[in-house]
Amino acid sequence: MEKWLSAEFLRSLLHGRRAIVAAVAAVLVLGTVTAGILVSVNRPAPPAAAPSSSQGSEPGITVPPGSLLKADRPTPPLALPGLPSGPVNILVIGSDIRGNAKEATKKAASTGEQVDHRADTLMLMHIPADRKKIYGISIMRDLWVDIPGYGGSKINSSLQFGGTALVERTVQQLLRTRINYSVMVDFDSFRAIVDGLGGIEVNVAAPFTSTHDTRHTFTRGVNRLNGQNALEFVRERYAFSDGDYQRVRNQQEFIRAVMAKLRNSGILKDAGKTLAFVTKVAPRLILDNGLDVMKLAGLAYALRGIDPGTASFRTLPTAGTGTSPDGQSIVLPDYNGIAQVADALAKDRMGQLPR
């Protein structure tokens, strides 16, 4: 089984144990490097708009193509904040909820009830102290781990059991590292943001026809994708002999495509434009640990000089698949490999890990 794989830009929303979602948008969190949007689904998604649709996540709200890149340039009220000193870790969470993740989270906070969703995509974005490169660590959704207070379970269940706070605690315990910020996204934001960018261009290495929604066909070579097409590109796994593994490789290509889009647009070279861009995108995200619009814009702007082509993505090592005590199909952790990653994070030496 492959040990090192890539990961994910922004929003996915699907429901149930069969859903495997991921919209991961580190581009907003990391600026020039982007957060991966990772989406993978085991069951049909809600009815999709036509491929040319640019519907946003709220009824009656449209996202004109390229609108996010045409934001007016405000004068920043203050200088954008920079990165905290030392290494910075940002956890990107993809919720598989069928509905609005932000509203469901607010309701849960007021009622104390659990939200019926899972963190079916998790990616830790690591920014080293020297700020020369970005590293993304993808954590398989079915990885069997110890969830604090709940015992052995798939890591994606941590979101249902205790919200983003428990997801953070679980990942921190697994990797023995501190998470500075977290960002959660759901399904609709993915399409809306890609459309708001005016679409993206991805290089398709393994041509296929999607088994989801519009059944879009992806040809070998460069494909220009709108929000719906891009969603199907990063969701697909059934069309491939190695399933999730090719899906993750496609997600890596998508992330690089988004990074290239933002870099070429010039948005991240100007503090005012960066703030305008993030101001429009942030309402579609769930930000945690004190991360707000100004800090998010500051993170993006602070990394403007990093070449997206140097970004490095991998998955946390696994030891194959197996069956849990209660009969679930799970991914087994490679404890030695995980210990090496944890040590590299602790010493801020991710670049020294073998590929």
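This is a predicted model: local features need pLDDT of at least 70, side-chain atom pairs count only at pLDDT 80 or more; totals for chains, interfaces and linings use all residues.
Trainee: Which order do the strands of the open sheet have?

Mentor: The six strands of this open sheet are ordered 11-6-1-2-3-12, and their pairing is mixed. Strands (E, at least two residues) and helices (H or I, at least four) are DSSP runs numbered from the N terminus. Two strands pair if DSSP finds at least two bridges between them.

Trainee: And which strands are at the edges?

Mentor: Strand 11 (286-288) and strand 12 (312-315) are the edge strands, each pairing on one side only. From one strand to the next, the twist averages 20°. Angles run from 0 to 180 degrees between N-to-C directions, and axes are lines fitted to C-alpha atoms, for helices over the stretch in contact.

Trainee: How many bridges join strand 1 to strand 6?

Mentor: Five bridges join strand 1 (residues 88-95) to strand 6 (residues 181-185), and the two run parallel. Val92 has Val183 of strand 6 as its bridge partner, and Leu91 stands opposite Ser182. With strand 11, strand 6 pairs in the antiparallel sense over three bridges. There, Val183 stands opposite Leu287.

Trainee: Are the residues of strand 6 buried or exposed?

Mentor: Five of the five residues in strand 6 are buried. Buried means under 20% relative accessible area, exposed means over 50%, and partly exposed lies in between (1.4 Å probe, protein chains only).

Trainee: Which way do they point?

Mentor: Tyr181, Val183 and Val185 point one way, while Ser182 and Met184 point the other way. In a regular strand the side chains alternate between the two faces of the sheet.

Trainee: Changing topic, where does helix 2 lie?

Mentor: Helix 2 (residues 101-111) lies across strand 1, strand 6 and strand 11, at about 50° to strand 11. Contact here means heavy atoms within 4.5 Å.

Trainee: Which residues of helix 2 are buried?

Mentor: Ala101, Ala104 and Ala108 are buried in helix 2. Seen down the helix axis, the buried residues fall within an arc of 65°, so they line one face of helix 2. That arc is taken from the directions from the helix axis to the C-beta atoms. On the other side of helix 2, Lys106, Lys107, Ala109 and Ser110 are exposed. Just after helix 2 comes Gly112, with a positive phi of about 80°.

Trainee: Which residues touch the most other members in the largest nonpolar core?

Mentor: They are Ile90, Val202, Phe233, Phe254 and Phe277, in a core of 53 residues. Helix 6 gives the most to this core, with six residues. A nonpolar core is a set of buried Ala, Val, Leu, Ile, Met, Phe, Trp, Tyr and Cys residues joined through side-chain atoms within 4.5 Å.

Trainee: What does Val202 touch?

Mentor: Not counting residues up to four places away in sequence, Val202 touches Gly221, Val222, Asn223, Leu225, Phe233, Glu253, Phe254 and Ala257.

Trainee: How far apart are the end C-alpha atoms of helix 6?

Mentor: They are 31 Å apart, which agrees with the 32 Å that the 22 residues of helix 6 (residues 244-265) should span at 1.5 Å a residue. The expected span is 1.5 Å times one less than the number of residues. Helix 6 is followed by Gly266, whose phi is positive, near 85°.

Trainee: What is Arg256 in contact with?

Mentor: Arg256 lies in helix 6. Leaving aside neighbours within four places in sequence, Arg256 is in contact with Pro308, Gly309, Ala311 and Phe313. Arg256 is partly exposed because its relative accessible area is 25%.

Trainee: One last topic: what is the phi of Arg176?

Mentor: The phi of Arg176 is near 50°, a positive value in a residue other than glycine. Arg176 is in the loop between helix 3 (158-175) and strand 6, and it counts as exposed because its relative accessibility is 57%.

Definitions and conventions:
Residues are numbered from 1 along each chain as its sequence is written. Side-chain values use heavy atoms; hydrogens and water are left out.
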